[in-house]
Amino acid sequence: MADAGAGDATPETSQDLTIFVQNLLEQMQNRFNQMSSTIIGRIDEMGSRIDDLERSIAELMDQAGIEADVPEEEKGGDAK
């Protein structure tokens with residue numbers, strides 16, 4: 001006994017269902033795109049921060065006169 005004109009969100013016909021599903025998929029796609037953009041932006045920002053940190057460390061090492069050689073255990077890639 002559902003009243004179709006009562007503003008009920010439940011689709012009543014196959015056409016209504018199709019429109020409902022299309023709208024839902026569009027909303028999901030929009031949210032996915034927004035989240036993807038946000039994640040990519042954060043990854044880019046983190047990359048820039050890491051680059052800045054590496055530069056700062058290299059400058060500090062130069063000031064301290066420390067060589068930037070990689071220890072032998074890190075060169076081999078042996079995991080313990």
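**Close-up views of a predicted protein chain**

A search of the whole structure, which is a predicted model, finds 2 salt bridges.

**Figure 1. The protein chain contains 2 helices and 0 strands.** Of its 80 residues, buried ones make up 0%. The accessible surface amounts to about 7,600 Å². Carbon and sulfur atoms account for 55% of that surface.

**Figure 2. Helix α1 runs over residues 14-64.** With 51 residues, α1 spans 74 Å from its first C-alpha to its last. This is close to the 75 Å expected at 1.5 Å a residue. Just after α1 comes G65, whose phi is positive, at about 75 degrees.

**Figure 3. R49 and E45 are joined by a salt bridge between their side chains.** The N to O distance is 2.8 Å. Both residues belong to helix α1, where they sit 4 residues apart, about one turn of the helix. R49 counts as exposed because its relative accessibility is 56%, a value over the 50% cut-off. E45, at 40% relative accessibility, counts as partly exposed. Side chains of opposite charge can pair when their charged atoms come close.

**Figure 4. R55 and D52 form a salt bridge.** Their closest N and O atoms are 2.7 Å apart. The two residues are 3 residues apart in helix α1, so about one helical turn separates them. R55 has a relative accessible area of 49% and is therefore partly exposed. D52 is also partly exposed, with a relative accessibility of 40%.

**Figure 5. A nonpolar surface patch is made by L17, F20, V21, L24, L25 and M28.** The area of the patch is about 530 Å². One of its residues, L24, is placed in helix α1. L24 counts as partly exposed because its relative accessibility is 38%, which lies between the 20% limit for buried and the 50% limit for exposed residues.

Figure 6. R49 is paired with E45 at 2.8 Å, N to O, and R55 is paired with D52 at 2.7 Å. The relative accessibility of R49 is 56%, and this residue counts as exposed. For R55 the relative accessible area is 49%, and this residue is partly exposed.

Technical notes:
Residues numbered from 1 in each chain as written. Predicted model: local features only at pLDDT ≥ 70, side-chain atom pairs only at ≥ 80, totals over all residues. Heavy atoms only, no water. Buried < 20%, exposed > 50% of the residue type's maximum accessible area, 1.4 Å probe, protein only. Areas by Shrake-Rupley, 256 points an atom, 1.4 Å probe, with all protein chains shown as cover. Patch = residues over 30% accessible without salt bridge, like charges linked within 9 Å, V, L, I, M, F, W, Y side chains within 5 Å. Salt bridge = Lys/Arg side-chain N within 4 Å of Asp/Glu carboxyl O. Expected span 1.5 Å × (residues − 1).
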